[in-house]
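Subject: Structure handover

Hello,

Here is the structure I said I would pass on. My notes on it follow below.

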Amino acid sequence: MDLIKLNIQIIRRYVCMVKSSMFKVILLTTITFIASFSATTAWAQGGSSVTAQAFAIFYGTHITGSRANIWTAQQPANWWAIASPVAVCTTQPNCTGYVVETGFVKGTVTPTPNVLQQFVSWRGLGVPADMDFVGTLQDNTWYEFRVEQCDFGTTNWCAYLGNTHVHTFTNMGFNYGLLAGCGGEGGGGGVPMGVYCYNPQWRDTIANGLNWNLYNYNYTQINSLVPPHQYCVLGGFTTYGSYSYKCN
Amino acid sequence: MRNLKKKSIYIIAIVLGVLGGIVASISITATASPSLTGSIPPPTPPPTPTPGPPPPIMTPEPLDNPISSEAEALEWAMYYDTDWSSHTKAWDADTLHREPGRIQVQAFDSRMEEIRDARRPVDIPPESPAERGPVWRITIQGEVRVSMLGMGAPKNATYDGVTYVIATNTGYLLSIRPGKMMDSGER
């Protein structure tokens, strides 16, 4: 009987405590602290498993090529991956369709860790990405990467380094895209990508002949969240990457 | 009046909580990520591009001893797999014999032969500097998460297996291909 009384007393005290303003204030502060901590951390890291990206994007109607000069800078070592592709994708505004791209990748994933590689990749509808490595590149060098329809009207897509044809994806099921892109990509927020797309261009051989046309920005230096870089990756991951924008 | 005082105290509590959370998060994130502390200097701005061809792709140094056995090929695959993939059911060198059928290791006389065998829509043109010598193809079956680069590539997808193609003479990874997608990982 005494034990029951004691328990009732404890419960009453607990109820009083919960009712007390002081407790409510502490509880409120703790909850907002946790909520704000989680939200800020997730925002700063771009989520736990997303990839920070920023691309210069051009939306077109019959894009048959995308090229840009890309500076390989001297990105720090030992990040999972720092990459900078040029791409053509068949959907806009989000790249959820076919996509073909080429660029450099550097990080612990490259055959010799932290030594740049040119990669070429393709993804189809419901088909996983397929990635090939072409060879080793140098730091501190301008390279022109290009992907384009190999021959007018075909569904073969060629990848180039400068004027050297390095790789072909054949019978891709599409002969033009709606989106051209160039930019940086790294595993996670805060990756110091330091990617530059100079003179990114698209072409539309169907409507516009063999001309190459400039799009969006010229230089981009991307380092998530960290000024004083010219562009920042900020915000949530989308299917084609976060937009980069001038952050200082 | 009393209600107003109470409300003010609650508002102060919320503000303190929010500020505390932000400050704590920033300080923790900055410690965890060196790039946020500013300890990594930004890359030097590039010079203006000059006309002319870029430097050619460099050819990797051949290994002193080319990959000559299934066991060696598997070791190389394990080396790359650590960075690219995360298997639901772990594997090691013994898995090849312990779980027949889970891992396939196959040697090919050339990269193009492997491409044709896999029926991949790929051609390596004659002028390409890409390696085209003998290769090993290693496929590890089972649910696996593969981190793929690229625009719109799902970052958290799981696949049914993953395949690596590794150059026999240099040990270089030439190709990575996840199997059929099981879950896009997008919620």
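Which residue forms a salt bridge with Glu148(A)? The partner is Arg146(A), and the closest N and O atoms of the two are 2.9 Å apart. Please keep in mind that this is a predicted model, and that what follows was computed from it.

Salt bridges

Over all chains, the structure holds twelve salt bridges.

In chain B, the side chain of Glu99(B) meets that of Lys89(B) in a salt bridge, at 3.0 Å from N to O. Glu99(B) sits in the loop between helix H4 (95–98) and strand S2 (103–108) of chain B, while Lys89(B) sits in the loop between strand S1 (85–87) and H4 of that chain, so the pair ties together parts that are ten residues apart in sequence.

Arg102(B) is buried, as is Glu99(B).

Disulfides

There are two disulfides over all chains. One joins Cys89(A) to Cys95(A), with an S to S distance of 2.2 Å. This link of Cys89(A) and Cys95(A) is right-handed, with 100 degrees about the S-S bond, and both of its cysteines are buried.

The other disulfide is formed by Cys150(A) and Cys158(A), whose sulfur atoms are 2.0 Å apart. The link of Cys150(A) and Cys158(A) is right-handed too, with 115 degrees about the S-S bond. Cys158(A) is buried, and its relative accessible area is 5%.

The largest pocket

The largest pocket contains about 400 Å³ of space. It is lined by 23 residues, of which Trp142(A), Gly162(A), Gly52(B), Pro53(B) and Pro54(B) are the closest to its centre. Three elements of chain A give two or more residues to this lining: strand S2 (65–71), strand S7 (142–149) and strand S9 (164–169). Of these, S7(A) provides the largest share, with three residues. Sorted by class, the lining of the largest pocket has 14 nonpolar residues, eight polar ones and one that is charged.

Cavities

How many cavities of 30 Å³ or more does a search of the whole structure find? The search finds two. The second largest cavity has a volume of about 40 Å³.

Both chains contribute to the lining of that second largest cavity. From chain A come Val99(A), Glu101(A), Ser121(A), Trp122(A), Arg123(A) and Ala129(A), and from chain B come Leu149(B), Gly150(B), Met151(B) and Ala153(B). Strand S4 (99–106) and strand S5 (117–124) of chain A each supply at least two residues of this lining. S5(A) gives the most, with three residues. By class, the second largest cavity is lined by six nonpolar, two polar and two charged residues.

Regards

Definitions and conventions:
Residues are numbered from 1 along each chain as its sequence is written. Chains are lettered from A and ligands numbered from 1 in the order in which they are written. This is a predicted model: local features need pLDDT of at least 70, side-chain atom pairs count only at pLDDT 80 or more; totals for chains, interfaces and linings use all residues. Side-chain values use heavy atoms; hydrogens and water are left out. On a 1 Å grid over the protein atoms alone, a cavity is a set of points where a 1.4 Å probe fits but cannot get out, and a pocket is an open set with protein on both sides within 12 Å along at least five of seven lines; lining residues have an atom within 4 Å of a point. Grid points are joined across faces, edges and corners, and a volume is the space filled by probe spheres set on the points. Helices (H or I, at least four residues) and strands (E, at least two) are DSSP runs, numbered from the N terminus. Ala, Val, Leu, Ile, Met, Phe, Trp, Tyr, Cys and Pro count as nonpolar, Asp, Glu, Lys and Arg as charged, and the others, Gly among them, as polar. A salt bridge is a side-chain nitrogen of Lys or Arg within 4 Å of a carboxyl oxygen of Asp or Glu. Buried means under 20% relative accessible area, exposed over 50%, partly exposed in between (1.4 Å probe, protein chains only). A disulfide is a pair of cysteine sulfur atoms within 2.5 Å.
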